[in-house]
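Subject: Structure for your review

Dear colleague,

Please find the structure below, together with its sequence.

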Amino acid sequence: MNYCPSRTPGDPPLHTLLRRRRLELSLLQADIAEALDVSPECVTMWEGGRRRMELSKIPRLAVALQIDARELCVRALQEFHPAFYATLFGARDITPASIHPTA
């Protein structure tokens, strides 16, 4: 899983990046829907930014899109739940790379 949606200023919203990644992998919305046990309409709404993705779906979505699950989770918290993100990480500007454990 090489791809990771690290956030930088000016990045498009997460839903846009997820759609791009799905298309890069030549996957259909139906493929994602099946992997996550949701309807294709649900995936359409996520990708259109009309519905927030449930955080419980992140692990399976990360596998389906070959995205680092930790970084996807941080990005989703930043965008969908900023107050919760701030509570967890404080006022610092936490990047997904900064939460990876070091070896």
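The notes below cover the fold, the core, the cavity, the cysteines and several individual residues.

This is a predicted model, in which local features need pLDDT of at least 70 and side-chain atom pairs count only at pLDDT 80 or more, while totals for chains, interfaces and linings use all residues. Residues are numbered from 1 along each chain as its sequence is written, and side-chain values use heavy atoms, with hydrogens and water left out.

Overall fold

The chain contains six helices and zero strands, where helices (H or I, at least four residues) and strands (E, at least two) are DSSP runs numbered from the N terminus. Along the sequence the pattern is therefore written α-α-α-α-α-α. Of the 103 residues in the chain, 33% are buried; buried means under 20% relative accessible area, exposed over 50%, and partly exposed in between, with a 1.4 Å probe and protein chains only. Among the contacts (heavy atoms within 4.5 Å) with a separation of 6 or more, 58% join residues 24 or more positions apart.

Nonpolar core

A nonpolar core is taken as a set of buried Ala, Val, Leu, Ile, Met, Phe, Trp, Tyr and Cys residues joined through side-chain atoms within 4.5 Å. The largest such core has 19 residues, of which Leu18, Ile32, Val38, Trp46, Met53, Leu61 and Leu72 touch the most other members. Two or more residues of this core come from each of helix H1 (14-24), helix H2 (29-36), H3, H4 and helix H5 (69-80). H4 provides the largest share, five residues. Setting aside residues up to four places away in sequence, Leu18 touches Met53, Leu61, Leu65, Ile67 and Leu72.

Cavity

How many cavities of 30 Å³ or more does a search of the whole structure find? The search finds one. A cavity here is a set of points, on a 1 Å grid over the protein atoms alone, where a 1.4 Å probe fits but cannot get out, and lining residues have an atom within 4 Å of a point. Grid points are joined across faces, edges and corners, and the volume is the space filled by probe spheres set on the points. On that basis the largest cavity has a volume of about 60 Å³.

Its lining consists of Leu18, Ile32, Val43, Trp46, Glu47, Met53, Leu61 and Leu65. By class, these lining residues are seven nonpolar, no polar and one charged; Ala, Val, Leu, Ile, Met, Phe, Trp, Tyr, Cys and Pro count as nonpolar, Asp, Glu, Lys and Arg as charged, and the others, Gly among them, as polar. Helix H3 (40-47) and helix H4 (58-65) each supply at least two residues of the lining, and H3 gives the most, with three.

Cysteines

A disulfide is a pair of cysteine sulfur atoms within 2.5 Å, and by this rule the count is zero. Cys42 is buried, at 5% relative accessible area, whereas Cys73 is partly exposed, at 29%.

Individual residues

Two residues other than glycine have a positive phi. For Ser26, phi is near 55°; Ser26 lies in the loop between H1 and H2 and is exposed, with a relative accessibility of 62%. For Gln66, phi is about 55°; Gln66 sits in the loop between H4 and H5 and is partly exposed, at 38% relative accessible area.Pro13 belongs to the segment before H1 and is partly exposed, at 35% relative accessibility. Leaving aside neighbours within four places in sequence, Pro13 is in contact with Arg75 and Glu79. The C-alpha atoms of Pro13 and Arg75 are 9.5 Å apart, across 62 residues of sequence. Gly49, in the loop between H3 and H4, is partly exposed, with a relative accessible area of 44%. Gly49 and Pro13 are 36 residues apart in sequence, with 8.3 Å between their C-alpha atoms.

Val63, in helix H4, counts as exposed, at 53% relative accessibility. The C-alpha atoms of Val63 and Ala35 are separated by 9.0 Å, and the two residues lie 28 residues apart along the chain.

With kind regards

Technical notes. 1 Å grid on protein atoms, 1.4 Å probe; cavity = no way out; pocket = protein on both sides within 12 Å on 5 of 7 lines; lining within 4 Å.
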